[in-house]
Amino acid sequence: MRVRKTLARCGLPLALLMCMGLALPALAEEASIAPGGCVIIPDDHGNVVGECPLEHTDVEVEIAGFIARVTLTQRFANPYPDPIEAVYTFPMSEKAAVDTMLMKVGDRVIKGIIKERGEAERIYREARDAGKTASLLDQERPNIFTQSVANIMPGDAIEITISYVEYLNYEDGEYEFSFPMVVGPRYIPNGGPAPLPEPIPLEEPLPDGPGVRPAPIPYNGRHVPDADRITPPVTPKGTRAGHDISLSVDLNAGLAIRDIQSVLHEVDVESVAEDRAVVRLQNRNEIPNRDFVLKYKVAGEGIEDAILTHTDARGGFVSLVLQPPARLAPEAITPKEMIFVIDVSGSMRGFPLDKAKSAMRQCIEGMNPHDTFNLVTFAGGLGYCFDRAVPNTNPNRAKALEYLANLEGGGGTEMMQAIQAALGNQNDPERLRVVCFMTDGFIGNDMAILDAIRKNVNQARVFAFGIGSSVNRFLIEGMGREGRGASEVITLESDGDEAAQRLHERIQSPVLTDISIEFEGLPVRDLYPAPNAIPDLFASQPIVLTGRYAGRGKGTVTIRGNTAQGPFERAIPVTLPGDEPANDVLASLWARQRIEWLMAEDWLGMQVGHPKPGIQQDIIDLGLEFSLVTQYTSFVAVEERVVNENGRTRTVQVPVEMPDGVSYEGVFGDRDEGAMLMGRAAGAVPQSAPMAASKGIRLESSAPMAPSKSEAAADEAVGQEVLPEPETRVVSKLAPELRGLAAKVRNGNYTEGAVNVRNGIVRVFVKVEKIDLETARAIRDAGGKVVAEMHSENTLYVAIPVELLETLGALDFVKAVLPPSA
């Protein structure tokens, strides 16, 4: 929890505020932003050269009621002696209806136009080769985008402004807005890792002819043909990407704001009025390595029914926000077949896996007496605690918890095998199968996974938990939706116990099942989700329907379904106006919903680039009509003035940060830092010389980290000297369960609660004053090995020989040493 501030109560009704229009963004004003240095290209000797062409991203958010307008401005500059093309892979919301792109070149502003993707790429390519400044915005996934900017001249700067609209999340009286800041490392299954970019040292002379993007190394993975488009280069350990981010939220809630909470960032909150506040990141140059998550509540018992409408030349658009009934306790609890699936791949190593294990432990302990269960793990292959689902007995739970405690992260993320195992053989006639997935979702075949769930869920229910601070929300949300269950993100600072409690509450007493919605006397059509295909409501969330209508109408919307104690029905009077120019964002939101529905009709075809006939063209038509970026439509902007006479450029890929809390060693393997230089997330890394220091890229120090004599201790636990009894002040930094731990170890192993010693090594959370290279070096000198870092909490995940715990606690900058899950 970063900030919680109580504000006064009063304000406008929610429905009234939601009718307020959200204007398209204005171009960001020129700002004085110092350029950052970064690692972008390794030369032939493995040395680091270059600076980053992306300097800064500024994000402005306007929230009015249930809708957010998000505007981000990316500032690119050229610190090199030659003209460049900058290519940046970045995330936006998985729900975003991206409807605007502007390019600012000097004092000139060029508005991007939407074109079919192939046509947009042709326009961009021809402009680039002709020496004109141009920009191109492509969608790779609903939450991954590529921005290309061509012919940035030496010393020049270009600003790209992108804007989108989306609905907010709402559950149990609390609104949530999230903004992703980094694309996490994607594992590419079935065919090997993603290709590496071809290194081009900047010192070499430019080749003859027009500049072109380096051709990717051929990829033989048929399931992810666009792997190179979703795996941006990652900065090496101990370095920064150079670009940073600022963010502000203008919150107009419509009702008195009760409290505001920023989950992962320090923020300043300015109370403008009782129903309005402005939230800003305290650090205006924040490292973009974790999601921004804002939660807030408003006065009142809960969300109200709301009807929003808009009309234009294309017809009428309507959005209905329907409040759910209260959750009721069931008269009897139906037994379940619980299948717990946990991701133990390399990207989960350290903080994420520990958080998943903590939450999973509570899920297992919270089962009902007549449930059966099994625990399945996946990484490069599958693991099972039992050969089949077993009764929920004390011995079986104890075995499962021991199996869970001993899990460690490593290897690939072959999730398809886990989907097949979790949803196959649904042959218990007395129990409903409930599958609980815990993963960061860092995979490239995410659409194929959604396809497999959709086709194989049958009568089961899938509940997906995204674990981490930058999870693949597109996959996590989609798993819950296609699995007819629910989804939730558990950040590294969230309470896993509360998440487990919510899981059991949702399973035992759904809010509303077998839902249908009937429209009487209203000329509505093309509603999403379809009124006869609305998924069961497991959480206290509103039902949001988006559709079209033809002409004025007055009638009734009736919701029917079943609660835990019987049938439910509510009728709501609705009036649709013939003329309503306000709320123009509803058209974009409706088109975005229809595009998602079309994609879901053939997720597998979307994954491999060959959807069913008609789907691709329907998406193209929607993108062009509503000016939206889609898989098949892109924004392109061209400044007609020629600035680069010979049209020759170098392509520079902007590197991204490793997500906060994710282990470099887990993603890239236990290799030296040089091997991870500019590595792709799927495990393909150059086997080059060790990384050299470069100006502006190291944190706190430009000196390379010298090998420690005790570095091997954390890996092999051999040859360690027995230390004398520590002083009281040293022991006080250790959590009680870690004090005197070495004496409890037998044959190198010991397990109790969250404390797990294997082969003499214990993994602990170390809270420090700050995270920098000096801190990491001191921990290595003390015999430890930093497995992962969580900057949001100044916490390190450290592996260390158990007999050196007191030495670790004696370090001046260490504030506390805690067991995992503490």
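Averaged over the protein chain, the pLDDT of the predicted model is 83, and 82% of the residues score at least 70. Over residues 3–48, however, the pLDDT is below 50, although this stretch has 160 contacts in the model beyond near neighbours in sequence. The pLDDT also stays under 50 over residues 672–731, for which the model has 150 contacts beyond four places in sequence. Where pLDDT is low, the predicted coordinates should not be read in detail.

Strands of a sheet pair through backbone hydrogen bonds, and the pairing may be either parallel or antiparallel. In this model, an open sheet is formed by 6 strands, which follow one another in the order β9-β34-β10-β11-β6-β35 with mixed pairing. At the edges lie β9 (113–116) and β35 (650–653), each of which pairs on one side only, and from one strand to the next the twist averages 25°.

Two packed helices are described by the angle between their axes and by the distance between the axes. For helix α3 (residues 351–365) and helix α8 (residues 496–508), the axes come within 8 Å and cross at roughly 40°, which makes α3 oblique to α8. The crossing of these two helices, α3 and α8, is right-handed. On the α3 side the contact is made by K355, S358, A359, Q362 and C363, and on the α8 side by G496, D497, A500, L503 and H504. Sorted by class, the residues in this contact of α3 with α8 comprise 4 nonpolar, 4 polar and 2 charged ones.

In the second pair, helix α5 (residues 415–423) and helix α6 (residues 446–456) pack at an angle of about 10°, and their axes are 10 Å apart. Because angles under 35 degrees count as roughly parallel, α5 and α6 are described as roughly parallel to each other. Here M415, M416, I419 and L423 of α5 meet A448, I449, A452, I453 and N456 of α6, and by class the contact has 8 nonpolar residues, 1 polar residue and no charged residues.

Conventions. Residues are numbered from 1 along each chain as its sequence is written. This is a predicted model: local features need pLDDT of at least 70, side-chain atom pairs count only at pLDDT 80 or more; totals for chains, interfaces and linings use all residues. Side-chain values use heavy atoms; hydrogens and water are left out. Axes are lines fitted to C-alpha atoms, for helices over the stretch in contact, and angles run from 0 to 180 degrees between N-to-C directions. Helices (H or I, at least four residues) and strands (E, at least two) are DSSP runs, numbered from the N terminus. Angles under 35 degrees count as roughly parallel, over 145 as roughly antiparallel, 65 to 115 as roughly perpendicular and the rest as oblique. Contact means heavy atoms within 4.5 Å. Ala, Val, Leu, Ile, Met, Phe, Trp, Tyr, Cys and Pro count as nonpolar, Asp, Glu, Lys and Arg as charged, and the others, Gly among them, as polar. pLDDT is the predictor's confidence in each residue, from 0 to 100. A crossing is left-handed if the near helix is turned anticlockwise from the far one by less than a right angle, and right-handed if clockwise. Two strands pair if DSSP finds at least two bridges between them.
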